[in-house]
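Here's a quick briefing to read alongside the model. Have the sequence and the 3D view open and follow along.

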Amino acid sequence: MVFSSETFLYIFLPVVLVIYYNPIFKSRGFRNIVLLIASLAFYAYGEPVFVFLMIFSIFVTWLLGLKLDKNKSKFWLGVGTVYHIVVLFIFKYLSFLAGQVGLLLNKDFSFIKISLPIGISFFTFQLMSYLFDVYYGNARVQRNPLYVGLYVSLFPQLIAGPIVRYQTIADAITDRNENFDDIAEGLKRFIYGLGKKVILANYVGELSDVIFSYSGDSSAMTAWLGAIAYTLQIYFDFSGYSDMAIGLGRMFGFSFDENFNYPYIASSVTDFWRRWHISLSTWFRDYVYIPLGGNRVTKPRWILNLFTVWLLTGIWHGANWTFLVWGLLYFVFLVFEKLTGFGRKKNVLTHIYTLVVVIICWVFFRADNLGAAVKYLGTMFGPNAYKFVDDGFFMYLKGSWTVLLAAVVGSTPLYSKLVKKVRKTPLCILESVWVLAILLIVMFTLVRKTYNPFIYFNF
């Protein structure tokens with residue numbers, strides 16, 4: 001079930017809100033049980049079998065947390081880490097690895113075909129962070145297994161993040177204060193995210209899909225247009241989902257950290273990764289990079305630490321060579337910036353450089369395989385293009401320039417700054433009117449269109 005589906009918007013969310021905020025049963029225990037059952041039902045709607053895998057992993061993690069609370073032993077931390085890595089490997093990477101070994105040995109291992117549980121990378125990383133935080137003393141152990149279950153399965157952030165740390169919401173699980181202002185602001189944030197997803201991401205996504213499917217017959221400018229469309233799609237798709245998750249969390253009294261901070265205004269690749277998917281980059285920083293020594297080691301060791309982080313970042317995103325190359329490309333550019341200092345001074349040149357690097361990397365992320373990525377890049381940069389610009393480019397641009405322009409502007413802080421100024425004036429009511437208009441446009445669009453993918457559900 002996706003947030004932008006009619007099932008979620010017209011049935012699931014209204015029913016959960018009505019039961020949660022019923023005027024008779026208001027205790028914290030009742031509301032937590034409602035959220036837990038709703039969250040498990042939300043996941044089971046799309047994964048009726050794998051919901052039991054998630055429940056089992058939650059139970060194992062709860063038991064190991066109790067062990068770590070009694071004895072800060074690396075053994076039990078290692079048991080928990082190995083368990084989660086093995087589960088992630090079996091369900092996310094085993095089929096791919098079997099296929100690669102089969103190609104190498106000229107054997108048929110196609111019978112090893114394991115379905116990928118939705119959101120397994122997200123909830124596995126949350127379970128691992130819980131164990132790490134208990135071990136390092138950054139969070140109190142939770143003795144109630146239902147509360148550990150609620151932390152992990154909480155439906156606003158369950159299947160596509162942000163990756164919420166237990167310490168962030170530990171107090172809120174047992175002692176949060178829901179109020180009308182939070183519900184209203186949460187609903188507003190949810191609608192903004194819904195608009196990002198349905199109005200912007202879906203539209204530029206269709207444009208991107210069409211151009212990528214004909215990459216071999218495109219002009220260079222058409223290929224660039226497709227890559228830019230995908231660059232905008234993945235941002236509004238994922239940041240829109242994060243906005244909806246943060247808004248939903250606030251509607252139920254939880255405060256999630258921000259996951260995006262206008263990454264496309266970054267002046268360096270380093271700056272980009274301080275702004276993009278913040279919950280993932282900080283997870284790797286705190287649980288991999290710093291424990292390995294970070295930058296407080298010799299230069300060769302530091303480079304190895306950085307290599308390890310970006311190798312794992314690429315692998316985390318999926319079982320495909322394209323993701324591995326995508327992660328290692330960022331490693332190369334980050335080392336380059338660290339060693340040369342390039343990008344520390346913000347200017348137009350560093351901004352253009354960052355955007356070009358990010359767009360190139362997204363081509364690898366988007367492509368089905370390395371050959372397709374190289375072919376598409378060849379079209380973008382000339383060797384595979386039959387001409388620099390063609391009629392198709394102008395046709396695509398004519399039909400989509402208004403949405404592309406809105407998406408470009410929306411990827412900057414301009415709109416946010418305007419809203420903040422309007423909120424301080426008597427015209428503040430206009431924002432509510434605008435939010436209502438977005439909701440109506442979304443509802444109308446969902447009725448007319450069926451194209452509604454969520455990119456990060458695959459991770």
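This is a predicted model: local features need pLDDT of at least 70, side-chain atom pairs count only at pLDDT 80 or more; totals for chains, interfaces and linings use all residues.

**Surface patch**
- Leucine 104 sits in helix α4, which covers residues 74–105.
- Together with Val82, Val86, Phe89, Ile90, Leu97, Val101 and Leu105, Leu104 makes up a nonpolar surface patch of about 690 Å².

- As background, nonpolar side chains in soluble globular proteins tend to be buried together.
- Here, the largest nonpolar core has 138 residues, and the members touching the most others are Phe8, Phe155, Trp276 and Trp362.
- Helix α9 (residues 220–251) puts in the largest share of this core, with 17 residues.
- What does phenylalanine 155 touch, once neighbours within four places in sequence are left aside? The partners are Phe3, Phe8, Phe12, Val16, Leu35, Ser39, Phe42, Tyr241, Leu248 and Phe252.

**Aromatic pairs**
- The model has 64 aromatic pairs.
- One of them joins tryptophan 310 and tyrosine 330, with 5.9 Å from centre to centre. The planes are 40 degrees apart, and the pair is classed as tilted.
- Tryptophan 310 belongs to helix α12 (residues 299–317) and tyrosine 330 to helix α13 (residues 321–340), so this pair ties together parts that lie 20 residues apart in sequence.
- Tryptophan 310 and tyrosine 330 are both buried.

**The loop between α12 and α13**
- Alanine 319 is in the loop that runs between α12 and α13.
- With 25% relative accessibility, alanine 319 is partly exposed.
- How far apart are alanine 319 and lysine 92, in sequence and in space? They are separated by 227 residues along the chain, but their C-alpha atoms are 6.6 Å apart.
- Not counting residues up to four places away in sequence, alanine 319 touches Lys92, Tyr93 and Phe96.

**Salt bridges**
- Side chains of opposite charge can pair when their charged atoms come close.
- The count for this model is 17 salt bridges.
- Glutamate 178 pairs with arginine 28 in a salt bridge, and their closest N and O atoms are 3.0 Å apart.
- Since glutamate 178 is in the loop between α7 (166–174) and α8 (180–213) while arginine 28 is in helix α2 (residues 28–46), the pair ties together parts 150 residues apart in sequence.
- Are glutamate 178 and arginine 28 buried or exposed? Both are buried.
- Glutamate 178 also forms a salt bridge with arginine 176, at 3.5 Å from N to O. Again, both residues are buried.
- Out at another site, arginine 285 and aspartate 286 form a salt bridge whose closest N and O atoms are 2.8 Å apart.
- Arginine 285 is partly exposed at 41% relative accessible area, and aspartate 286 is partly exposed too, at 25%.
- Shared partners link Arg28, Arg31, Arg176 and Glu178 into one network of salt bridges.

**A buried serine**
- Serine 400 is part of helix α16 (residues 391–410).
- Its relative accessible area is 2%, so serine 400 counts as buried.
- Beyond its neighbours within four places in sequence, serine 400 is in contact with Tyr203 and Leu207.

Conventions:
Residues are numbered from 1 along each chain as its sequence is written. Side-chain values use heavy atoms; hydrogens and water are left out. Patches are made of residues with over 30% relative accessible area and no salt bridge: like charges are joined within 9 Å, nonpolar side chains (Val, Leu, Ile, Met, Phe, Trp, Tyr) within 5 Å. Accessible areas come from the Shrake-Rupley method with a 1.4 Å probe; for residues, only the protein chains shown count as cover. A salt bridge is a side-chain nitrogen of Lys or Arg within 4 Å of a carboxyl oxygen of Asp or Glu. Helices (H or I, at least four residues) and strands (E, at least two) are DSSP runs, numbered from the N terminus. A nonpolar core is a set of buried Ala, Val, Leu, Ile, Met, Phe, Trp, Tyr and Cys residues joined through side-chain atoms within 4.5 Å. Buried means under 20% relative accessible area, exposed over 50%, partly exposed in between (1.4 Å probe, protein chains only). Contact means heavy atoms within 4.5 Å. Rings of Phe, Tyr and Trp (its six-membered ring) pair if their centres lie within 6.5 Å; planes under 30 degrees apart count as stacked, over 60 as edge-to-face and the rest as tilted.
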